[in-house]
Amino acid sequence: MGGSAAKKGSAWYGFLDAGAKSSPVAMDPNLDTGNTATVYLFNLQRDAILEYRRDLVEPKLREFEPGEEVIVDELQAAFVAALSGFSPRGSQSSAAVERVRPRKTSAETMLSDIDPDTDDSEIPDDVDDGDDGADWDSDDS
């Protein structure tokens, strides 16, 4: 990635030279993947923001050649549209994180099902009610 590729705002617009998978691309340095070894690029041919390994993709990025810059406006419009529904992995805000109430554990469920008004006489004899000091797992019968 050298020279003076097209820039509009903070985004870089250029070309991914990858044979049959070549495409005009856009890169916004503010989109963090959360991994220094990868980078997000908007790929116009695939109409998507994709995560690429830096070491593989950067050598294949180049500035537009004469005549290719005419695609910049189309590329920018498609990139802006893709950004509207995109949430980078490396930047979750607390407002965007769905808050889920933790499920009750089985012990919490059982405890919440206990009727506090239950009379000890309703507890079967083979269940330790805690009144007689007997060990619940005692083998004494």
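A quick term before we click: a contact means heavy atoms within 4.5 Å. This is a predicted model, so local features need pLDDT of at least 70, side-chain atom pairs count only at pLDDT 80 or more, and totals for chains, interfaces and linings use all residues. Residues are numbered from 1 along each chain as its sequence is written, and side-chain values use heavy atoms, with hydrogens and water left out.

**Stop 1: the whole chain.** Switch to cartoon view. You'll find three helices and six strands, in the order β-β-β-β-β-α-β-α-α along the sequence. Helices (H or I, at least four residues) and strands (E, at least two) are DSSP runs, numbered from the N terminus. Of the 141 residues, 25% are buried; buried means under 20% relative accessible area and exposed means over 50%, with partly exposed in between (1.4 Å probe, protein chains only).

**Stop 2: Leu75.** Select Leu75 and show what surrounds it. Leaving out residues up to four places away in sequence, Leu75 touches Tyr13, Gly14, Pro24, Val25, Ala26, Phe42, Leu44 and Phe64.

**Stop 3: the cores.** Now select Tyr13, Ala26, Phe42, Phe64, Leu75 and Phe79: in the largest nonpolar core, which has 14 residues, these touch the most other members. A nonpolar core is a set of buried Ala, Val, Leu, Ile, Met, Phe, Trp, Tyr and Cys residues joined through side-chain atoms within 4.5 Å. Strand 2 (11-16), strand 4 (38-43) and helix 2 (72-84) are the elements giving two or more residues to this core, and helix 2 supplies the largest share, four residues. Next, colour Trp12, Val25, Leu41 and Leu61, which are among the ten residues of a second, separate core.

**Stop 4: helix 2.** Which residues of helix 2 are buried? Select Val72, Leu75, Ala78 and Phe79 to see them.

Stop 5: Finally, select strand 4 and strand 5 (residues 48-53), which pair in the antiparallel sense over six bridges. Two strands pair if DSSP finds at least two bridges between them. Asn43 stands opposite Ala48 in strand 5. Four residues lie between the strands of this hairpin, where Asp47 takes a positive phi near 50°.
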